Amino acid sequence: MSQPKADNPAPEKKTSEEEEEQPRSPREIRLVMVGLVVTMLLAMLDGLIVGTAMPTIVGDLGGAEHLSWVVTSYTLATAASTPIWGKLGDLYGRKGTFLTSIVIFLVGSALSGLSQNMNELIGFRALQGLGAGGLMVGVMSIMGALVPPRDRGKYQGMFAAVMALATIGGPLVGGFITDHLSWHWTFYINLPLGAVALAVVMVTLKLPKVRSKARIDYLGAVLLTTGITALTLITTWGGQEYAWGSKQILGLAALAAATLIAFCYVEQRVQEPMLPLGLFKNLNFTLVSIIGFVVGFVMFGSTVFLPLYQQIVQGASATNSGLLLMPMMFGMLVVSLVVGQAVTKTGKYRIFPIIGTIVMTVGMVLLSTLSTDTSSFVASCWMVVLGAGMGFLMQITMLVAQNSVELKDMGVASSTATLFRTIGGSFGVALFGALFNNRVAATMKDRLGEAAANGGGKGDPSQLSPAALKALPAPVQDAYHHAVANGMHTVFLWGAGVAVVAVAAALFMREVPLRGAGGPAPEGDGKATEPNAEAVAI
């Protein structure tokens, strides 16, 4: 008598999240890392190189009155598109959206280099910024998909090194290109780097291609973009183009508040929100978003004003302005490497944000003591302390953010962390700038009287360049040196106050097991699959 045949059901098709969680070989990860590192270098170098060339660009194209818009258009497009790129990656696959953002960035770079007037340059810089919004998000979300948080410390040192290299080398490369080639090549240099990144990512990166049937949250995207744009314009224009109490700034503030409130209302009612507000129910995610904002606030404010102090007060050359930040970058790089290895070895991370925020606060307090008599050696030591504090935080904040969400929300988590750091940087530069300018002007008036309000006939005393300063009488130069030192004291003391907020946030953080450490998934993380989506491996 024959036995009935046993049922042999076909193996279940893996979801996109399950495919992304499959372990990757070290060789595969290293190959992909080449493309990711080059892309990150591309994203960070651009602004630093172009900034050095801006005086030459204005001299060639004219339109100096539109100079701020060359930077603003890029910043606006980057900030507004960052969360959208993150969500598109979650919905339609990270590889495709990442490659698309690189292509858009390269097209914008090529067209910017071909610009014949300032209006064209502003428009093409906006296109370039649109692509740039997806570069950093793509790098971080792909990294999060390939490498479990427990093992990510092995690779985060690469990204810390890229940040240091870009910060130090960007202005030097920009100056060299401008002096020996032409300003057009400050944009064209992106093309070979981008081509390498495209080729490596296309060939080596294997992620599931997602075909999503979910509807895009167009209304949420418009509201979020409008709100971020208004906030960016406030921080860009406030105290510069318009007074803080002007109708333009107040109107932008009202617009930002209204659109962001409407965005929160919409996001609670759509099937696939652009930024799921439920992510902020996770305590760690909320706390690292706050810490990321403060890190951006401190880092961007510091990198703007420290070279100014060393050029004006300590007489350093503007050509080497990137090298002046080397002590801070050295501290950041070394600590980031050590922390990464420690997290990989132990699986523990809570202590590092606590130490990092405290050290960062101490570094800001020490830098607030800078005076006209402070030696370069002492200033460099204080910068090392600040850099060390940020080294504890730069990669940990992204790691905790990604570990706090389900894998299907990796792109949104990465873009949100990046967005908070970007907005923090914008607020930092704007607030520090206003505080610095007011303190410099007040000190000049105290030392030289009301006649100093116009820099002895040479313009706004808070905006004097090192070259213009040398043309002034010795008493005015001395007064300005003290004014800049006082301005630095105010800037960094306020920065220390803001950094205390990050200390408080770090103290409330919880030690949630990292994925890949053999512990459970983060709280609230199930194995939920992406709604209405199919995965096809590519």
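Predicted model: local features only at pLDDT ≥ 70, side-chain atom pairs only at ≥ 80, totals over all residues.
Reader: What makes up the protein in terms of helices and strands?

Author: The protein contains 17 helices and two strands. Of its 538 residues, 53% count as buried.

Reader: Why is Leu 42 called buried?

Author: A residue is called buried when its relative accessible area is under 20%. Leu 42 has a relative accessible area of 1%, and therefore it is buried. Leu 42 belongs to helix 2, residues 26-61.

Reader: Which residues is Leu 42 in contact with, leaving aside its neighbours within four places in sequence?

Author: Leu 42 is in contact with Phe 105, Leu 106, Leu 135, Asn 190, Leu 193 and Gly 194. As for Asn 190, its C-alpha atom is separated by 6.6 Å from that of Leu 42, although the two residues are 148 residues apart along the chain. Across the protein, among contacts between residues at least 6 apart in sequence, 83% join residues at least 24 apart.

Reader: What makes Thr 357 a buried residue?

Author: The cut-off for buried is under 20%. The relative accessible area of Thr 357 is 0%, so Thr 357 is buried. Thr 357 is part of helix 13, residues 351-367. Not counting residues up to four places away in sequence, Thr 357 touches Ile 291, Leu 393, Ala 502, Val 503 and Ala 506.

Reader: How do you know that the span of helix 11 agrees with its number of residues?

Author: Helix 11 comprises 30 residues, 283-312, which at 1.5 Å a residue should span 44 Å. Its end C-alpha atoms are 44 Å apart, so the two values agree.

Reader: Why is helix 9 called roughly parallel to helix 15?

Author: The axes of helix 9, residues 218-237, and helix 15, residues 410-448, cross at roughly 25° and come within 8 Å. Angles under 35 degrees count as roughly parallel. Helix 9 is therefore roughly parallel to helix 15.

Reader: Which residues meet where helix 9 and helix 15 are in contact?

Author: From helix 9, Ile 228, Leu 231 and Thr 235 meet Leu 419, Ser 426, Phe 427 and Ala 430 of helix 15. The residues of this contact comprise five nonpolar, two polar and no charged.

Methods: Residues numbered from 1 in each chain as written. Heavy atoms only, no water. Axes fitted to C-alpha atoms, helices over the stretch in contact; angles between N-to-C directions. Helix = DSSP H or I, 4+ residues; strand = E, 2+ residues; numbered from the N terminus. Parallel < 35°, antiparallel > 145°, perpendicular 65-115°, else oblique. Contact = heavy atoms within 4.5 Å. Nonpolar A, V, L, I, M, F, W, Y, C, P; charged D, E, K, R; others polar. Expected span 1.5 Å × (residues − 1). Buried < 20%, exposed > 50% of the residue type's maximum accessible area, 1.4 Å probe, protein only.
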